[in-house]
Amino acid sequence: MKTDFKKALLGAGSLLAFAVAAHAEETSTVGGAEDMAIDEIVISARKTTYANNATDAIMMDQKPAASSVLAVVDSLPGMFIAEGGPFGSDDWSTTVSVRGFTVSLSEQQVGMTIDGLPNGNSNYGGGAKANRYIDSENMERAEVSQGTADIASPSHEALGGTINFVTSDPLEEQRFWGSVSMGNNNAQRYFARYDTGEFAEGTRAYFSYSNTQNDAWIGNAGGTERDHFEAKIVSEMDQWKFTGRLSFDDVTEANYQQISLAEFEENPNWDRLTDEITGIPYIDQVYRPVWGTLRRNWFAYAKAEYRGDNFDFTVAPYYHDNWGRGDWAPPYIVAVTGGDVQSNGTIYGGSAAGSYTYVDANGTPLAPIAGCTATLPFPYGGSSPASNPACYEAGANPVSSYRHTHYGKKRYGVTADGAYRLGEMNTLRAGLWWENSDRHEYRDWHNIIDPRSSVQFDDVAYWRQYDRDFDVDTLMLYAEDTLELGRLQLRGGIKKYLVDLTRTDNFGTQAQQEIESDSDILFSAGALFAATDNLEVFAGFAQNFAAIKDGVIEGAASVTNPEIPDLEGETADNFDFGLRFGNGAVRATITAYYVKFNNRITFVSAGDPVDGVDYLEEGEGAYFNVGGIKSKGIEASISADFAEHWNIYGALTLNDSEYTETTAQVTEGNKVALAPEFQLVGTLSYYNDGVRAGVSAKHVGERYGNFANTEEVPSYTTVDAWVGYTMPEGTIQGIGEIDFSLNATNLTDKRYLGGGEPGAYFIGAERQITANIGFKF
């Protein structure tokens, strides 16, 4: 790599010298439940024994209102967020990375919570990232624990830390808020929120709705439409606070496709999906509108919090209902053998006994003309003669399928946390998280009625390939002791997961599969020392855990794989050491970390790979615990009010992540694919008398793109800029406030490769200019 990590690490010493000139805003800690007060324009961190950062108002202003809430955390140290669609409008192409841990199509290693409650995993199939639960206007802040999270954080996948998205509370005064946004690619967003104010003693609520639409930024076909609703009620009386929240999200997204580095170098403006129907199914399998993600999420919780003189208690039951579908258009009809034929003609079960691509006028499958060798050069390196219409007699008709993978999930659970203070120095804390999750997944194949002219498909499927249920029972127990010894705070805790996973084949042709994915007792410890009124030093250690995912036992081969019963959950040992310092005008943090990731679960392929897209998922292989990853590095940030009305912010990330064991996929000592080693953020902003403006740049250094470390993904720098003005209240009679803003993301229209998977990358979204006008009554 051109970025020399060791040199950069030494160079960070100079940053440490001035980082010890600032301190993140302190917060109050009550019985171990920590609430952070955020200043309007400064970076903040919780006063605790592990590395953490939180978003501020500048980061919120930097992104358009239509943006995904994930995008807001991209400026924080250690964070890498890549979204292929404008405004995070394509879950398929979204990647999150921190300290070498990733959320992508194949990995779920970073935890996400909503108001401290679990999001239900972040995977594409039956998962939901934070943007499915929250509109940006209703987000108070996002708190990032880059490695060691709070001991109570409920997640199955927090190997690389946790991002907690905190929603705003209802206002105490009645208010109506409406806004309209317009931008490139026919982007439009309508948002409305009504705060009731206090309608009963200590009780207030709000209701909000938004509709967001935008076209795909590549080509002239496909796009996203999203409807989102939220409601929240808060009631406070004496020592009690009661909260109820409901969110609903319904979205249809056209996807972007991964490409190779060579394809990017050939044409960086195209992901090789097409805009028009050609009538040739082999080509039309990459027609963007058939690459679809449909998702609908309901999420609700009720929370009761008690704060007493010596005892605090919180309990929060919740419920989540997820429905989804993923679409593709395989360029053939599957010939199914076996299975049960239903009354409507759908075959349940059975297996593929080949496929065909052209039929005669009677619907009889045809073979290509003997000796014809003509092929189609696009896509996926070209077709066989059987997919080329030139290899058939006149009158042959093409056939193709519309493949739906249906995802459903119902979760219900509860978190409970209690803290008892033994005098002024000692606090004992204990709690639990319990959840039952039932995920239903099935796949069916539909005939496309006339692939020569459209992708309209029969409502009745000709084949239901599989139908499975995955039931997961989780119990997490924890206990922690905190000692306050003058300027020194000490913490120690233990935690354990009890996770049972059951797979049921609803066709009854495969045996039920069960896996116990319990953790060992997990330890955490930390210390915080207030060296002066402005400087604090912290050190922390925690063992993180990720349970075995149900994807490990999705396929039929998993039932007979002898390794499955011996699989263990993944673990990571996290060590943090850092400083926080502040004198009011300057605030900063710096953290050095070391992470050892063990028992990495990896799919090891057997046999030859399938050309193009493996629509039938016939690629063979098995899952194994194989080695892991170790990461070390530095994360630093600084925020300085260097002149009246002006603020400058910077964040530095130096990360060195490598594989620790040679396997069929990786070589010991190789760098972790797609894990950024060097990131630098710089932001300059201005606030004065209702005027706000700023510019922010982020540089991401070169990364190895593949497991073999033979391919380097180029570095890139993106720039965001914004300007806004809030008219003083009362300027226009009857309107309390009018706000205008203009945002530009990727201002220089940089073409770059963002996230993806090893060897296959998504193109970063082009420049987006968005204008917004909002009214508050």
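A polar contact is a pair of N or O atoms within 3.5 Å, where, within protein, one atom must be able to donate a hydrogen and the other to accept it. The views below are taken from a predicted model.

View 1. Threonine 212 lies in strand 13, which covers residues 203-215, and its side chain is joined to that of arginine 189 by a polar contact of 2.8 Å. Because buried means under 20% relative accessible area, threonine 212, at 8% relative accessibility, counts as buried. When residues up to four places away in sequence are left out, threonine 212 touches Ala66, Gln188, Arg189, Thr224, Glu225 and Arg226.

View 2. Three strands form an open sheet in the order 4-5-6, and their pairing is antiparallel. Strand 4 (79-83) and strand 6 (101-103) are the edge strands, each of them pairing on one side only. On average, and with direction ignored, neighbouring strands of this sheet are turned by 15° against each other. Strand 5 (residues 94-98) is joined to strand 6 by three bridges, the two strands running antiparallel, and serine 97 stands opposite threonine 102 of strand 6.

**View 3. Methionine 79 and the nonpolar cores.** The largest nonpolar core has 64 residues, of which Val73, Met79, Ile163 and Phe165 touch the most other members. Strand 26 (residues 463-485) supplies the largest share of this core, namely four residues. Not counting residues up to four places away in sequence, the contacts of methionine 79 are with Val73, Asp74, Val96, Ser97, Val98, Val144, Ile163, Gln679 and Lys698. In soluble globular proteins, nonpolar side chains tend to be buried together.

**View 4. Strand 36 between its pairing partners, strands 35 and 37.** Of the 14 residues of strand 36 (residues 646-659), twelve are buried, so this strand is largely enclosed by the rest of the structure. Strand 35 (residues 629-643) pairs with strand 36 in the antiparallel sense over 13 bridges, and within this pairing lysine 632 has aspartate 656 of strand 36 as its bridge partner.

Terms used: Residues numbered from 1 in each chain as written. Predicted model: local features only at pLDDT ≥ 70, side-chain atom pairs only at ≥ 80, totals over all residues. Heavy atoms only, no water. Buried < 20%, exposed > 50% of the residue type's maximum accessible area, 1.4 Å probe, protein only. Contact = heavy atoms within 4.5 Å. Pairing = 2+ DSSP bridges. Axes fitted to C-alpha atoms, helices over the stretch in contact; angles between N-to-C directions. Core = buried A, V, L, I, M, F, W, Y, C linked by side-chain atoms within 4.5 Å.
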